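Student: Could you help me learn how to read charged side chains in a protein model?
Tutor: Gladly; let us look at the structure together.

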Amino acid sequence: MPQPETITIMNTVDPWRVPVTVAQIPDTGLHRDFEADRAAREAIAEAGGLREVLSASASLDITPKGGGRIHVTGHVRARIGQTCVVTLDPIENEIDEPIDLVFAPPEQIPDLSDLVDEAAESATEIPDPPEPIINGVIDLGRLATDALFLAVNPYPRRPDAIFEPPLETADPNDHPFAALKALMPDAKLPAPKKKPGRPRGGEGG
């Protein structure tokens, strides 16, 4: 079984580059297994805002279609290091993202995009818009990197992590009638005393 080739980073714009010249793709198609080396993994982590990328590899089939179009299918697999959003502990996650894209010459992109728009207006399944073939080359590494980033969980958390909002002590004065209560006296005023009446009966003497 052939070992996957190790790809070295070529620039800082695309951290993982695996260029394939379209003119050199045979009519029967070809298969590519490739793996990112340490430098490429570090660049992928930096570009994707990840704590680290422990491994990243892809297995792709490249098949020519009519009109100069190329169909690329396969998977990108990776193990990435992230930080739990609840506990802030370091965690690792596995990625296995499918790839299914069509590449086409740039002059065909507008017409093919119109077909995608027409499918969106109908009940048929909406295909992915085609990607342009740049200068006769398809960059499989960039395709794999984009798929990897698409699969990253933006809010990673440990399986046992539970978010508990901070407890707040209930304020007895914090209720709808608190303001009304503040306007009321703390105790009832005593009832006014009655003046003593004169004794009944005539005065003596």
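The dialogue below goes through salt bridges and a charged patch.

Tutor: This is a predicted model, in which local features need pLDDT of at least 70 and side-chain atom pairs count only at pLDDT 80 or more, while totals for chains, interfaces and linings use all residues. Residues are numbered from 1 along each chain as its sequence is written, and side-chain values use heavy atoms, with hydrogens and water left out.

Student: How many salt bridges are found in the whole structure?

Tutor: Side chains of opposite charge can pair when their charged atoms come close. Here a salt bridge is a side-chain nitrogen of Lys or Arg within 4 Å of a carboxyl oxygen of Asp or Glu, and a search of the whole structure finds eight.

Student: Which parts does the pair of Arg142 and Asp14 tie together?

Tutor: In the salt bridge between Arg142 and Asp14, the closest N and O atoms are 3.7 Å apart. Arg142 lies in helix α3 and Asp14 in the loop between β1 (5-7) and β2 (19-21), so the pair joins parts that are 128 residues apart in sequence.

Student: Is Asp14 buried or exposed?

Tutor: Buried means under 20% relative accessible area, exposed over 50%, and partly exposed in between (1.4 Å probe, protein chains only). Asp14, at 15%, counts as buried, whereas Arg142, at 45%, is partly exposed.

Student: Which residues gather in the patch of negative charge?

Tutor: Such a patch joins like charges within 9 Å, using residues with over 30% relative accessible area and no salt bridge. On the surface, Asp100, Asp128, Glu131 and Asp146 gather in one; Asp146 belongs to helix α3 (residues 140-151).

Notes:
Patch = residues over 30% accessible without salt bridge, like charges linked within 9 Å, V, L, I, M, F, W, Y side chains within 5 Å. Areas by Shrake-Rupley, 256 points an atom, 1.4 Å probe, with all protein chains shown as cover. Lys, Arg positive; Asp, Glu negative; His and termini not counted. Charge placed at Lys NZ, Arg CZ, Asp CG, Glu CD. Helix = DSSP H or I, 4+ residues; strand = E, 2+ residues; numbered from the N terminus.
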